[in-house]
Amino acid sequence: MYNTIDFNGKKGFICDMDGVIYHGNNILPGVAEFIKWLHDEKKEYLFLTNNSGYTPRELNQKLARMGLDVPEEHFYTSALATAAFLKEQAPGCSVFPIGEAGLLNALYDAGITMNDVNPDYVVVGEGRSYSLDTLTKATNLVMAGAKLIGANSDVSGPIENGIAPACRALIAPIEMATGTQAYFCGKPNPLMMRTGLRMLNCHSAEAVMVGDRMDTDVISGMESGMSTVLVLSGVSDRETLKKYAYRPSMVLGGVGDIVKIAESGKGKDDRSEDLNA
């Protein structure tokens with residue numbers, strides 16, 4: 001049997017974005033109702049995304065184009081988590097980055113400089129700047145002693161017409177060529193989850209993690225002591241559940257079901273999946 005979650009009794013919600021809020025540039029069903037419910041019920045919430053390409057301002061504008069008003073302070077990305085990790089580990093270090101504005105801005109804001117000669121770290125995120133030339137450069141810098149960091153460990157991410165390779169897939173050739181294992185800063189790294197809970201001023205027992213991936217969202221929420229919701233609006237389906245030894249607290253079609261359950265005053269409804277079925 002699945003567990004029940006008293007959504008009305010929870011103080012904070014941490015939600016993934018790709019596959020939960022949107023696919024590519026298309027908003028998913030029930031999302032507008034979910035965000036309205038969060039505001040109306042004065043819930044603390046944070047959109048925690050492993051996508052390192054966007055800045056919080058770009059995410060704010062992306063949702064605004066979809067008709068959703070979510071202030072910048074409600075976003076936390078794997079790029080910000082990566083920059084925070086490096087600032088803590090090696091203040092003033094230099095990096096050779098492969099990524100987009102979200103990663104580069106986060107690194108600059110953390111006082112980290114760019115260096116393509118003898119950097120302390122090679123940092124890889126998603127982005128169009130990825131090429132054989134940058135891959136070769138990164139490989140040789142790691143061979144020369146640079147430490148290898150990945151913004152997140154997602155292998156793929158949902159897009160309108162399928163999936164796109166994500167950070168874990170993009171960094172794999174560097175790992176294979178150098179024999180060096182990358183350290184990943186995004187979900188399910190507990191450092192990112194603890195930061196998210198701190199931003200919400202929530203204890204883990206007061207919060208819910210909502211995502212579409214078992215290997216990043218559900219496991220990170222579960223290992224942080226949070227209730228977890230797997231939504232089937234992204235990359236996972238019911239067959240996905242059979243591959244893992246752990247399970248989410250609930251499985252729902254999408255975030256709109258959270259509102260329906262909360263408004264019904266129940267801890268579950270007919271749309272939640274029986275995990276033993």
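Predicted model: local features only at pLDDT ≥ 70, side-chain atom pairs only at ≥ 80, totals over all residues.
Residues are numbered from 1 along each chain as its sequence is written. Local features need pLDDT of at least 70 and side-chain atom pairs count only at pLDDT 80 or more, while totals for chains, interfaces and linings use all residues, and side-chain values use heavy atoms, leaving out hydrogens and water.

Reader: Is Ser156 buried or exposed?
Author: Let's start with its place: Ser156 is found in strand β10, residues 156–159 (strands are DSSP runs of E, at least two residues, and helices are runs of H or I, at least four, numbered from the N terminus). Buried means under 20% relative accessible area, exposed over 50%, and partly exposed in between, with a 1.4 Å probe and protein chains only. Ser156 has 14% relative accessibility, so Ser156 counts as buried.

Reader: How many salt bridges does the count come to?
Author: A salt bridge is a side-chain nitrogen of Lys or Arg within 4 Å of a carboxyl oxygen of Asp or Glu. Asp16, Lys187 and Asp217 are linked in a network of them. By this rule, the count comes to nine.

Reader: Which residue forms a salt bridge with Glu100?
Author: Glu100 is buried, at 18% relative accessible area. The closest N and O atoms of the pair are 3.3 Å apart, and the partner is Arg128. Glu100 lies in the loop between β6 (94–98) and α4 (101–109) and its partner in the loop between β8 (121–124) and α5 (132–143), so the pair ties together parts 28 residues apart in sequence.
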